[in-house]
Each structure stands twice: as C-alpha cells, then as structure tokens.
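Work through the exercises below with the sequence and the model open side by side, and try each task before reading its solution.

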Amino acid sequence: MARRAQEPFIGTGNFTKTFKGDREELVIVNDGSADLTFVAGAVEYTLKPGEVFDEEVNPFDRLVITATGAWRGYVREAY
C-alpha cells in the first residue's frame, strides 16, 4: 500500500498535536542544539541534536514533543 506525507508540523519548544485518527508512521527532525523527547503510541523516544526519526510505530492519535529548540515533522498515511 502506498503512503504519502500528511499533516506537517514545525515549531520550537513544547508541542502537542491530536490527529483525527490513528497514525502509524512518523517523521521528526531535531533541528535544535539539545535533546528532544516525544511520545507517540504510548512510547517515549529521545532524539539527539541533528537526528531524524523516520519509523513505523504503534498506532497513535496524539503526539507530544518536549523540546527547547526547533523541530519539524509529518506523518504518513495510506492512500
């Protein structure tokens, strides 16, 4: 099944986003100079500065980012 990028997000600092349904693929880039943590699918992950997270994860409908620096990302959805 093909997937496409959807619902991009970008910011600095803490962020919470609720999606309209479950998502299973997530991309986050830590553009800051300090660690970034995020919770998706009831699992917490940590990204070091400059790291990219691009993975399939447990289904989630809420994303929580805790950061002091800049970040960006999006989810993928089937079509």
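**Exercise 1. Decide whether Glu24 is buried or exposed, or in between, and find the patch to which Glu24 belongs.**

Step 1. Glu24 has a relative accessibility of 33% and therefore counts as partly exposed, where buried means under 20% relative accessible area, exposed over 50%, and partly exposed in between (1.4 Å probe, protein chains only). This is a predicted model, in which local features need pLDDT of at least 70 and side-chain atom pairs count only at pLDDT 80 or more, while totals for chains, interfaces and linings use all residues. Residues are numbered from 1 along each chain as its sequence is written, and side-chain values use heavy atoms, with hydrogens and water left out.

Step 2. Glu24 lies in strand β2, strands being DSSP runs of E with at least two residues, numbered from the N terminus.

Step 3. On the surface, Glu24 gathers with Asp22, Glu56 and Asp61 in a patch of negative charge; such a patch joins like charges within 9 Å, using residues with over 30% relative accessible area and no salt bridge. Both β2 (15-30) and β5 (52-66) supply at least two residues of this negative patch.

**Exercise 2. Find which strands are tied together by the salt bridge between Glu7 and Arg23.**

Step 1. The side chains of Glu7 and Arg23 meet in a salt bridge at 2.6 Å, N to O, the criterion being a side-chain nitrogen of Lys or Arg within 4 Å of a carboxyl oxygen of Asp or Glu.

Step 2. Because Glu7 lies in strand β1 (residues 3-12) and Arg23 in strand β2, the pair ties together parts that are 16 residues apart in sequence.

Step 3. Arg23 is buried, with a relative accessible area of 9%, whereas Glu7, at 23%, counts as partly exposed.

**Exercise 3. Trace the salt bridge between Arg76 and Asp54 to the network that contains this pair.**

Step 1. The side chains of Arg76 and Asp54 meet with N and O at 2.8 Å, and the pair links strand β6 to strand β5 across 22 residues of the chain.

Step 2. Salt bridges that share partners join Arg3, Glu25, Asp54 and Arg76 into one network, and the structure holds 8 salt bridges.

**Exercise 4. Describe where Tyr79 sits and how far its C-alpha atom is from that of Ala2.**

Step 1. Tyr79 is placed in the segment after β6 (70-78) and, with 56% relative accessibility, counts as exposed.

Step 2. Although Tyr79 and Ala2 are 77 residues apart along the chain, their C-alpha atoms are separated by 6.0 Å.

Conventions: Patch = residues over 30% accessible without salt bridge, like charges linked within 9 Å, V, L, I, M, F, W, Y side chains within 5 Å. Areas by Shrake-Rupley, 256 points an atom, 1.4 Å probe, with all protein chains shown as cover. Lys, Arg positive; Asp, Glu negative; His and termini not counted. Charge placed at Lys NZ, Arg CZ, Asp CG, Glu CD. Helix = DSSP H or I, 4+ residues; strand = E, 2+ residues; numbered from the N terminus.
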